[in-house]
Amino acid sequence: MPHYSLGIDIGGTFTDIVIYDHDSGRQVNRKVLTTHDDPARAVAAGVGTLLGEGRFEPSEFTRVVHATTLFTNALIERKGAVTGLITTQGFADTLEIGRERKYELYDLAITKPAPLVPRNLRREVPERVLADGSVRRRLDVRVLEARARALVKAGATSIAIVFLHAYANPRHEREAARLIAKRHRGVAVTTSHEVAPEIREFERASTTVANAYIKPLAHRYLALMARRVAGQGISAPLLLMLSSG
């Protein structure tokens, strides 16, 4: 029984679609214009054409590999979700303090890029985990719930949770994520211990916030893409190509 792979690469102008036959080494490809309002629409049209032209049986596809710059573009163009940040008391300004590095060392009037989460959408909660993972102060659940309500009321559709030393003990972050997901079902939640479980507060906070910023977009897009591919009769899993290859 033959088996095929389907490759999808969406760019700013064109969408490239490739079908590879693992048995014969044959490949067929098609380039279509990217449909920016709904990128998956161009994919469905291109895949449908290739299936018809090559007479490929959809049930014989074993994998679908997808690459796209849409999420990177959303970060660069600042077109992500309205994102809130909940962090340990005293650490709301980590995103702006950063590492005190400047791309122009001697420019005293330099303007740094604005954080993805503005100051009015950052909230602090009482809790403290020490560097060895021990709990010095338990998470104040009532304050957490109040802070989450305030962020949602302010328009946040995605919330990043970044607690001090969560890489050593993620207990408080897990508890906070569980409570927010339960109370606000339509809000995306991202925790730092899942995205960047490593030391250094700015790097962990900025990475977690970036993930939260594009998470709703990525979720909607990938769910739609999976449905469009499945609509062609291809039941193979949808795999995503990372920047590392």
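This is a predicted model: local features need pLDDT of at least 70, side-chain atom pairs count only at pLDDT 80 or more; totals for chains, interfaces and linings use all residues.

Analyst: Both Y4 and F61 are buried.

User: Into which class does the aromatic pair of Y4 and F61 fall: stacked, tilted or edge-to-face?

Analyst: Planes under 30 degrees apart count as stacked and those over 60 as edge-to-face, with the rest as tilted. For Y4 and F61 the centres are 5.3 Å apart and the angle between the planes is 55°. Y4 belongs to strand β1 and F61 to strand β4, so the pair ties together parts 57 residues apart in sequence. The class of this pair is tilted.

User: Which class applies to the rings of F56 and F61?

Analyst: F56 is buried, with a relative accessible area of 6%, and F61 is buried as well, at 4%. Y4, F56 and F61 form one aromatic cluster. The centres of the F56 and F61 rings are 6.4 Å apart and their planes stand at 65°, so the pair is edge-to-face.

User: Which strands stand at the edges of the five-stranded sheet?

Analyst: The sheet is open, with mixed pairing and the order β3-β2-β1-β4-β11. A strand at the edge has a single partner, so one of its sides is left without a neighbour in the sheet. The edge strands are β3 (27-33) and β11 (238-240).

User: In β2, what is the bridge partner of I10?

Analyst: Strand β1 (residues 4-10) pairs with strand β2 (residues 14-21) in the antiparallel sense, over seven bridges. In β2, the residue bridged to I10 is T15.

User: At about what angle does helix α7 run to β4?

Analyst: Helix α7 covers residues 201-230 and lies across β1, β4 (61-68) and β11. Its direction relative to β4 is given by an angle of about 145°.

User: How far apart in sequence are the parts tied together by D16 and K31?

Analyst: D16 and K31 form a salt bridge, with their closest N and O atoms 2.7 Å apart. D16 lies in strand β2 and K31 in strand β3, so the parts tied together are separated in sequence by 15 residues.

User: Is R122 buried or exposed?

Analyst: R122 forms a salt bridge with E96, at 3.0 Å between the closest N and O atoms. The pair links strand β6 (residues 122-125), which holds R122, with helix α3 (residues 94-97), which holds E96. E96 is partly exposed, with a relative accessible area of 42%. Buried means under 20% relative accessible area, and at 3% R122 counts as buried.

User: Where does R99 lie, given its salt bridge with E203?

Analyst: The side chains of E203 and R99 meet at 3.5 Å, N to O.

User: Which backbone atoms does the side chain of T35 reach?

Analyst: T35 is placed in the loop between β3 and α1 (39-54), and it is buried, at 16% relative accessible area. Its side chain reaches the backbone oxygen of D38 at 2.6 Å and, at 3.2 Å, the backbone nitrogen of A42.

Note on methods
Residues are numbered from 1 along each chain as its sequence is written. Side-chain values use heavy atoms; hydrogens and water are left out. Two strands pair if DSSP finds at least two bridges between them. Helices (H or I, at least four residues) and strands (E, at least two) are DSSP runs, numbered from the N terminus. Contact means heavy atoms within 4.5 Å. Axes are lines fitted to C-alpha atoms, for helices over the stretch in contact, and angles run from 0 to 180 degrees between N-to-C directions. Buried means under 20% relative accessible area, exposed over 50%, partly exposed in between (1.4 Å probe, protein chains only). A polar contact is a pair of N or O atoms within 3.5 Å; within protein, one must be able to donate a hydrogen and the other to accept it, and residues adjacent in sequence count only if both atoms are side-chain atoms. Rings of Phe, Tyr and Trp (its six-membered ring) pair if their centres lie within 6.5 Å; planes under 30 degrees apart count as stacked, over 60 as edge-to-face and the rest as tilted. A salt bridge is a side-chain nitrogen of Lys or Arg within 4 Å of a carboxyl oxygen of Asp or Glu.
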